[in-house]
Every structure is written in structure tokens, then in C-alpha cells.
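Take a look at the model below.

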Amino acid sequence: MEDALRKKYIPMTETIYYTLLAVTCPRHGYAIMQYVNTLTNGRIMLGTGTLYTMVGRLTADGVIMVLSGHERKTYQLSDTGRKLVQEETERLEKQLADGRKVLTGGVSTVQDILSVEKE
């Protein structure tokens, strides 16, 4: 994967992240909006303008692709897109683990950090 693409998309916005999750299997625009809304329990509601602008950019960058042979314009994650969303998921997992360590009192000083790294 190109470093330029990685720099452009990592870290991802929530809307891009959830849109990429939505197109891990083929979906048309309205189905993407429904999937993201359901997955996030209504926390993220994509508007059509936001979605189609974003999908156009993701398609142009080769992160998702338009599938032919469908009644509606249907999108699916490309191999590059799959690598990006996997990398972003790993980054978020590390971020969450660090937050939990600090908030539970496990790491509060530089010495704590250094002692954790030695383990």
C-alpha cells in the first residue's frame, strides 16, 4: 500500500471507518447508511451528501470499488481498503488499551510506563 494513501486515511474519521466496515460485503448507498446507523445504534447517521462525496473520494483513491452487474450502484471494499481498515482497527485497539491502562491507574508516571515496557 502506498504511504500517501496511508497518510491520507490513517487516522480515519468515524464516518470513513464505519463506511469501510459497511462495504466489507457489497452494499448500495442506502444500505450503507442503514448499516452504519444500525451498527452504531444511531450514533452515526450518514446523510446522502456526506456519503456520496465520501464514496466518490474512496472510489477515486481505490479504497473501495464499484461493482458492475447490480441494479443499483453497489460498492465493496478493495484489497487496499481492507488493509487500511485493518490497520486502523489495530491502531484504535492500541489507543483503547492505553486509555484503559491510564484510566484504571495502571500507568500514571514515566517510571510506570518504562516498567510496563520492560514486562
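The paragraphs below follow a few helices and their neighbours. The model is predicted.

Start with helix 5, residues 79-103. Helix 5 has 25 residues. From its first C-alpha to its last it reaches 36 Å, close to the 36 Å expected at 1.5 Å a residue. Just after helix 5 comes Gly105, with a positive phi of about 85°.

Now bring in a partner. Two packed helices are described by the angle between their axes and the distance between the axes. Helix 2, residues 14-22, packs on helix 5 at an angle of about 125°. Their axes lie 10 Å apart.

Which residues of helix 2 and helix 5 meet? Helix 2 brings Tyr17, Leu20 and Leu21. Helix 5 answers with Gly81, Val85, Glu88, Thr89 and Leu92. By class, this contact has five nonpolar, two polar and one charged residues.

Next, look at what is buried. In helix 5 the buried residues are Gly81, Leu84, Val85 and Glu88. Their cover includes helix 1 (3-9), helix 2 and strand 3 (74-77).

Finally, turn to helix 3, residues 29-39. Its buried residues are Gly29, Ala31, Ile32, Met33 and Val36. What do the buried residues of helix 3 pack against? They pack against helix 2, strand 1 (27-28), helix 4 (48-60) and strand 3. Just after helix 3, Asn41 has a positive phi of about 55°.

How values were computed. Residues numbered from 1 in each chain as written. Predicted model: local features only at pLDDT ≥ 70, side-chain atom pairs only at ≥ 80, totals over all residues. Heavy atoms only, no water. Axes fitted to C-alpha atoms, helices over the stretch in contact; angles between N-to-C directions. Helix = DSSP H or I, 4+ residues; strand = E, 2+ residues; numbered from the N terminus. Contact = heavy atoms within 4.5 Å. Nonpolar A, V, L, I, M, F, W, Y, C, P; charged D, E, K, R; others polar. Expected span 1.5 Å × (residues − 1). Buried < 20%, exposed > 50% of the residue type's maximum accessible area, 1.4 Å probe, protein only.
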